[in-house]
Amino acid sequence: MSHLYDTVEPNVINDAMLANAVEEQGPQEEAGRFAKMEGIEFNDVTKLQLDFKNILKIDNLWQFKNITKLQLDNNVIERIEGLDTLVNLVWLDLSFNNIEKIGGLDALVKLEDLSLYNNRISQIENLDTLKKLQVLSIGNNNLTSLENLIYLRGFKDLRTLNIAGNPICDNEQHKVFIAAHIPQLVYLDFRLIDHNVREMGSVKYQDSIEELLHNEKLAKHQEEEELRRQKELERHTAAFVEHLNGPFLFATMYAEDTEGKKLANLPGVAELLEVYPL
């Protein structure tokens, strides 16, 4: 994939670049003159445009804590990083870069719109914390597995998905598969998913969908059970009586019981200890 700045030395985001970008995108004319005189605090910026800057590495964005929209498209970025402090991001554009692996997005829990269009990504992954994601554009990448798209079932707010231009689109049944396995989707490749396509998918993949629903139900039950145990442990810990729901207290009482250990050597006691361990 070629980029505008392939023959130019790549850049790392620095303070001078950020200052210029903020000034260029800030108020213009008279309002801009006063803003320049008074100075613009990076902390006040809510939108930042850093496209076509030949950026190789994302860095120095920690100062933009209130930013909600970040544009980093058309650069030469190879790795998603340096975004952990941008917890208010709602919209992120990383299209037309050299990214091979999705990662570095865990902190962006408010993100609703993510574009990774035209990169080198081969698998959709590491998006688990993005529960509010509504739009995902990942067309023109290297996705080859339809089964990998089932991962997107977990994003209940996802309404728009763009995958056009990936190898998986060579499969004539890819739209039917996606409509069946990601039922919350409304738009696929910027077109409304046809009702007939959904019906075809529900029939064709009925068995696999039923298995998925069963496994999801089990996973949810296990998650709820683990959450219940965790809350119970927290209550016991707060009361300084943790582990009372198991053998921990009893075991600790006899951990250093030398007399009890002597009894364990008597005939027949070993068998009893297998049934009733100390």
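The side chain of asparagine 141 reaches the backbone oxygen of glycine 139 at 3.0 Å, and it also reaches the backbone oxygen of leucine 116 at 3.0 Å; a polar contact is a pair of N or O atoms within 3.5 Å, where within protein one must be able to donate a hydrogen and the other to accept it, and residues adjacent in sequence count only if both atoms are side-chain atoms. This is a predicted model, in which local features need pLDDT of at least 70 and side-chain atom pairs count only at pLDDT 80 or more, while totals for chains, interfaces and linings use all residues. Residues are numbered from 1 along each chain as its sequence is written, and side-chain values use heavy atoms, with hydrogens and water left out.

**Confidence**

- The mean pLDDT of the protein chain is 84, and 79% of its residues reach 70 or more, pLDDT being the predictor's confidence in each residue, from 0 to 100.
- Over residues 1-6 pLDDT stays under 50, and the model has 15 contacts beyond four places in sequence for them, a contact meaning heavy atoms within 4.5 Å.
- Over residues 28-38 pLDDT also stays under 50, and here the model has 5 contacts beyond four places in sequence.
- Where pLDDT is low, the predicted coordinates should not be read in detail.

**Two loop residues**

- Asparagine 141 is found in the loop between β7 (135-137) and β8 (160-162), where helices (H or I, at least four residues) and strands (E, at least two) are DSSP runs, numbered from the N terminus.
- Asparagine 141 counts as buried because its relative accessibility is 3%, and the cut-offs are under 20% relative accessible area for buried, over 50% for exposed and in between for partly exposed (1.4 Å probe, protein chains only).
- Not counting residues up to four places away in sequence, asparagine 141 touches several residues, including Leu116, Tyr117, Gly165 and Pro167.
- Glycine 104 lies in the loop between β5 (91-93) and β6 (113-115), and it is partly exposed, with a relative accessible area of 34%.
- Glycine 104 and isoleucine 80 are 24 residues apart in sequence but 5.4 Å apart in space, C-alpha to C-alpha.
- Leaving aside neighbours within four places in sequence, glycine 104 is in contact with Ile80, Leu83 and Asp84.

**Salt bridges**

- The structure holds 5 salt bridges, each being a side-chain nitrogen of Lys or Arg within 4 Å of a carboxyl oxygen of Asp or Glu.
- Lysine 101 forms a salt bridge with glutamate 125, with the closest N and O atoms 2.9 Å apart.
- This pair links distant parts of the chain, since lysine 101 is in the loop between β5 and β6 and glutamate 125 is in the loop between β6 and β7, 24 residues apart.
- Glutamate 125 is buried, with a relative accessible area of 17%.
- Glutamate 225 forms a salt bridge with arginine 228, the closest N and O atoms being 2.6 Å apart, and these two residues are separated by about one helical turn because they are 3 residues apart in helix α5.
- The side chains of arginine 229 and glutamate 226 meet in a salt bridge (2.8 Å, N to O), and they too are 3 residues apart in helix α5, separated by about one helical turn.
- Salt bridges that share partners join Glu225, Glu226, Arg228 and Arg229 into one network.
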